Amino acid sequence: MKILLVRPGRRKQAITLGEFMYGEPLGLESVFALLKEEHELKVLDLMVGKEDLLTICVSYRPDVIGFTSLCIDVPAVLDLAKQVKDHHPDVITMVGGTQTFLAPESFFVPQIDHVAEFTTKENLKTLCSYLQKKAQVPLIDGIRSQENHFEGTGVRGINDYIQPDRSCTDQYRKYYSYFGYRPCALLQTSRGCSSMCNFCQRWKIEGSQEKDEPLTEIIREIEKIKEPSIMIIDNNFLYHRERLENFCALLEERGIRKNFICYGSAQSIVQNETTMKRLAENGLKAVLVGYESFKDEELANYQKKSTRAINIAAGKILKNYHIDCWASFILHPDWTTQDFKEFRKYLRILRPEISSLTPLTPFPGSFLAKKYRDRTLYQKEDYDQWSYSLVSIAPGNMSLRRYYFEVLLSNFYVNLFMNNASYLVNKFGLCTLLRLLKGSFKFLLRYLRFMIKG
Ligand code: B12
């Protein structure tokens with residue numbers, strides 16, 4: 001059976017990192033790895049490539065098209081699947097990814113045949129064996145099929161870890177990046193997160209307990225990666241000192257030299273200071289730290305284990321070892337003008353190399369969605385808007401217009417006075433800055449429009 005795996009392209013309605021950053025589609029690479037023994041597969045990455053799906057349908061003649069999806073991808077997937085069904089009604093369509101896990105019902109429509117609510121090695125292989133035989137698909141755990149009126153078995157599982165086969169994205173790999181690092185591969189060494197911060201979706205998707213893949217397997221995977229840079233996408237790669245020491249020992253033993261970037265919590269950085277030094281010696285270039293807030297009270301409300309003092313200490317450790325800090329902050333909807341000022345003052349203390357500012361987002365189905373039900377500015381079905389880029393909770397202490405003004409001001413502050421822009425030029429060159437600016441410009445215009453509209 002021929003299967004075409006598709007990542008949808010960006011739509012201009014959604015403003016996302018996808019404007020300037022294409023991360024490799026690990027989900028599709030995992031599905032490819034799982035099914036390649038029994039089926040013929042091809043990946044079409046419309047986020048990067050300019051190919052036309054209908055043209056590929058004519059040349060490749062797939063029996064099945066499988067789409068991956070985040071929330072912001074829903075309109076694009078529905079649209080592409082409709083085009084496919086209009087022109088090639090015999091092609092079977094299926095969808096998987098983050099959105100089918102969190103809200104499978106977004107795809108219970110006539111143009112979609114199967115929705116993978118969660119993906120295991122077993123359920124996907126079983127589904128494909130029925131599709132190959134052209135037989136009636138029975139109820140399968142984790143699979144919602146149109147022929148069964150999208151009913152489920154009632155079993156709620158979690159996605160399996162499947163080692164990706166990166167060869168299927170060869171033609172796109174030179175475009176895959178992480179901020180200034182390009183080409184850059186993505187790698188997952190552990191899943192789940194026991195921190196369970198209440199604004200975050202990741203522990204819901206991956207589970208509330210860390211599950212580590214064996215390091216020897218990870219090192220073998222790293223040795224196969226051709227790119228010079230690797231972004232480790234674990235929720236908190238830095239959480240386990242002994243594992244990190246073993247990781248470094250294996251890199252040293254095998255003489256592996258790569259640039260590494262990872263997510264890490266401020267607490268782990270402080271707890272594992274000596275290991276941070278060893279990681280830096282082994283190529284750790286930057287850590288994405290979720291500092292989130294300048295107020296202890298707010299950090300506690302988010303269920304962050306960190307405090308303002310721990311955040312400042314973590315920042316100093318990163319500076320000591322010349323590891324760049326790519327910080328993220330949450331802009332709370334109840335901040336006053338004074339809070340925004342305090343926040344900018346706090347930035348001057350932390351001095352991260354890059355800061356990204358995200359308005360608190362009550363993602364549909366989350367704890368925050370319930371908490372801010374009466375103040376939420378978008379509907380669940382406004383899929384394009386759930387990109388974590390927009391103000392989606394009515395501000396409590398100022399008008400929406402004024403709030404957007406403060407967000408813009410803080411962004412200008414970060415880019416002009418905190419030197420986001422000059423850091424990028426010095427580190428990655430002017431071309432990278434221009435590539436990143438192109439995307440940011442769209443953010444800026446959108447924010448300006450929101451500010452003027454109020
Ligand atoms: C790496 C990553 C990125 C990368 C690459 C994203 C990509 N693949 O397109 C980059 C940095 C580019 C990125 C960007 C963004 N991201 Co992001 N990202 C992640 C992260 C950390 C890991 C995703 C991943 O690769 N997981 C590993 C793979 C193996 O898992 P998977 O894709 O779910 O695949 C499994 C199954 O779902 C299944 N599957 C997947 N596809 C398919 C298809 C079929 C047919 C089948 C049967 C099965 C199947 O197979 C796999 C089996 O295990 C997640 C957090 C998380 N833990 O999920 C956030 C996350 C997915 N991102 C998120 C967001 C919001 C964004 C942005 C919108 C942020 C922004 N403001 O710009 C942009 C959007 C990018 C875009 N498409 O335009 C949110 C999504 C929220 C939501 N519910 O939709 C997440 C959950 C983080 C969060 N904030 O909560 N992201």
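This is a predicted model: local features need pLDDT of at least 70, side-chain atom pairs count only at pLDDT 80 or more; totals for chains, interfaces and linings use all residues.
1. **How H2 and H3 meet.** The crossing of H2 past H3 is right-handed.

2. **Who touches whom.** On the H2 side, the contact is made by Leu53, Leu54 and Cys57. On the H3 side, their partners are Leu80, Gln83, Val84 and His87. Sorted by class, the contact of H2 with H3 has five nonpolar and two polar residues, with no charged residues.

3. **Salt bridges overall.** Side chains of opposite charge can pair when their charged atoms come close. In this structure there are 29 salt bridges, and the points below look at a few of them.

4. **Glu227 and Arg173.** These two side chains form a salt bridge with an N to O distance of 2.7 Å. The pair joins distant parts of the chain, 54 residues apart. Glu227 sits in the loop between helix H7 (215–224) and strand S10 (229–232), while Arg173 sits in the loop between strand S6 (143–145) and strand S7 (184–187). Glu227 has a relative accessible area of 7%, so it counts as buried. Arg173 is buried too, with a relative accessible area of 7%.

5. **Asp324 and Lys427.** Here the closest N and O atoms of the salt bridge are 2.9 Å apart. Asp324 belongs to strand S13 (residues 324–331) and Lys427 to helix H16 (residues 420–428), so the bridge links parts of the chain 103 residues apart. Asp324 is buried, at 7% relative accessible area, whereas Lys427 is partly exposed, at 38%.

6. **Asp334 and Arg375.** This salt bridge has an N to O distance of 2.7 Å. Asp334 lies in the loop between S13 and helix H13 (337–350), and Arg375 in the loop between helix H14 (367–371) and helix H15 (400–417), so the bridge ties together parts 41 residues apart in sequence. Asp334 is partly exposed, with a relative accessible area of 28%. Arg375 is also partly exposed, at 25% relative accessibility.

Definitions and conventions
Residues are numbered from 1 along each chain as its sequence is written. Side-chain values use heavy atoms; hydrogens and water are left out. A crossing is left-handed if the near helix is turned anticlockwise from the far one by less than a right angle, and right-handed if clockwise. Helices (H or I, at least four residues) and strands (E, at least two) are DSSP runs, numbered from the N terminus. Contact means heavy atoms within 4.5 Å. Ala, Val, Leu, Ile, Met, Phe, Trp, Tyr, Cys and Pro count as nonpolar, Asp, Glu, Lys and Arg as charged, and the others, Gly among them, as polar. A salt bridge is a side-chain nitrogen of Lys or Arg within 4 Å of a carboxyl oxygen of Asp or Glu. Buried means under 20% relative accessible area, exposed over 50%, partly exposed in between (1.4 Å probe, protein chains only).
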